[in-house]
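Please keep the sequence and the coordinates at hand while reading.

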Amino acid sequence: MKLETLDPRVKLAMLLALSTASVASMNFALLALLLAFTALILLLGGVHLGRALWRVRGALGMLAMLFLLQCIFNRSGEPLLRLGAFTLVTTGGVSAAAAVALRLLIVLLSALIILTGQRRDYLLALLQLGLPYEICFMVLAGLHFLPLLREESRDVMYAVQMRGTRVQGTSLKNRLGVYLRVAVPIVAGAIRRSEQMSVAMETRAFRSRLKRTSMRRLRMRRSDWAMLAGFCAALAAIILGVKLCPFL
C-alpha cells in the first residue's frame, strides 16, 4: 500500500513508534533490524530511497561528522587505532559512534514517511487528535516558512556573488563577514513575512472562537487500520525476537 494514500495519523504513529524504539534501544542487532524495517516500509510504500536521501543530504553530512566526533572523543574500551603512542580510535568509541549513527539514521528515515503526504492533512490529523489549533497552525506555519527562508537565503547569496563578492576560496574572517551581511536581509525578509501573516490572521479573526471547525475531516479506512495493525505486529515481533533470541 502506498504511503501517500495512508491516513496521516497512521504515519505519525509510525514515526513516533520507530523513533521511540530507536532511542530506547541499546542493542545493535535491534537497531540494525529497525533500520532495515524502516527502509522496507519506505520501499514498499513507493518511496524512492535515493531521491529521498538526496533531499536530506545535509543531515547525512552532519551524521557523518557526529560519527567521527564520537570515534575520536570517546576514549572507552580497548585501543583500535594508534598513531605512535597516541590512541586515535578505541573500540568503545566505534561502538558509541555506530549506535548514534544507527539511531539518527532510523529517525531520519522514519521522518521521510511523513514527507509523502500534504502538510494540510497533518494539520487536520493533529486537530482531530485533540491538539489546540493554535499549536497546529504554528507547526504548519513553520513547515511552510522553512523552504521560503531557504530560497530567500539562496537568492540573497546569489545577489551578493553577482556583485563581485567572493565567498569560496577566501579566509574564514572574510566568509564570516559575508554571512553576517547576508543574514541582515534574510532576517528582515522573515520579519516582513511574519508581519504580513499576522495581519492576514487578524483580518480573518484568528482565535475569535475557542473551538475551530474544518470543512474536511479525516476518516480511518479499513486499509488504514490493517496497515496500523500490521505495523504494530511487525514492530513487536522484531523487538520480542531480539529480546528472546539468546544469540543477539
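## A residue in helix α6

Leaving aside neighbours within four places in sequence, with which residues is A125 in contact? A125 is in contact with P8, R9, L12 and L218, where contact means heavy atoms within 4.5 Å. A125 is found in helix α6, helices being DSSP runs of H or I with at least four residues and strands runs of E with at least two, both numbered from the N terminus. At 0% relative accessibility A125 counts as buried; buried means under 20% relative accessible area, exposed over 50%, and partly exposed in between, with a 1.4 Å probe and protein chains only. A125 and R217 are 92 residues apart in sequence, while their C-alpha atoms lie 8.6 Å apart in space.

## Basis of the values

Residues are numbered from 1 along each chain as its sequence is written, and side-chain values use heavy atoms, with hydrogens and water left out. Since the model is a predicted one, local features need pLDDT of at least 70 and side-chain atom pairs count only at pLDDT 80 or more, whereas totals for chains, interfaces and linings use all residues.

## The chain as a whole

The protein chain has 9 helices and 2 strands, and from the N terminus on its elements follow the order α-α-α-α-β-β-α-α-α-α-α. The radius of gyration of the protein chain is 23 Å, well over the 18 Å that the globule rule gives for 248 residues, so the chain is more spread out than a compact globule; the radius is taken over C-alpha atoms, and the rule is 2.2 Å times the number of residues to the power 0.38. Along the principal axes, the C-alpha atoms fill a box of roughly 65 × 60 × 30 Å.

Of the 248 residues of the protein chain, 29% count as buried. The accessible surface comes to about 16,400 Å², of which 66% belongs to carbon and sulfur atoms; these areas come from the Shrake-Rupley method with a 1.4 Å probe, and for residues only the protein chains shown count as cover. Among contacts between residues at least 6 apart in sequence, 69% join residues at least 24 apart.

## The largest pocket

The largest pocket has a volume of about 910 Å³. Of the 24 residues that line the largest pocket, R55, L115, R119, L143 and L146 are the closest to its centre. Pockets are found on a 1 Å grid over the protein atoms alone, each being an open set of points with protein on both sides within 12 Å along at least five of seven lines, and lining residues have an atom within 4 Å of a point. Grid points are joined across faces, edges and corners, and a volume is the space filled by probe spheres set on the points.

At least two lining residues each come from α3 (49–55), α4 (57–73), α5 (91–111), α6 (119–128) and α7 (133–162), and α7 gives the largest share, 7 residues. The lining divides into 17 nonpolar, 3 polar and 4 charged residues, where Ala, Val, Leu, Ile, Met, Phe, Trp, Tyr, Cys and Pro count as nonpolar, Asp, Glu, Lys and Arg as charged, and the others, Gly among them, as polar.

## The second largest pocket

About 690 Å³ of space lies in the second largest pocket. Of its 20 lining residues, the closest to the centre are R120, L123, F137, L140 and R212. The elements giving two or more residues to this lining are α6, α7 and α8 (172–203), with the largest share, 6 residues, coming from α7. The lining of the second largest pocket comprises 13 nonpolar, 3 polar and 4 charged residues.

## Buried and exposed positions

T38 lies in helix α2 and is buried, with a relative accessible area of 0%. Leaving aside neighbours within four places in sequence, T38 is in contact with L18, I106, L109 and S110. S25, in the loop between α1 (8–24) and α2 (28–44), is buried with a relative accessible area of 6%, and touches L30, L31 and R103, again not counting residues up to four places away.

T213, in the loop between α8 and α9 (222–244), is exposed, with a relative accessible area of 69%; its C-alpha atom is separated by 9.5 Å from that of Y133, 80 residues away along the chain. L244 is placed in helix α9 and counts as exposed at 70% relative accessibility. The C-alpha atoms of L244 and G84, 160 residues apart along the chain, are separated by 44 Å.

How values were computed: 1 Å grid on protein atoms, 1.4 Å probe; cavity = no way out; pocket = protein on both sides within 12 Å on 5 of 7 lines; lining within 4 Å.
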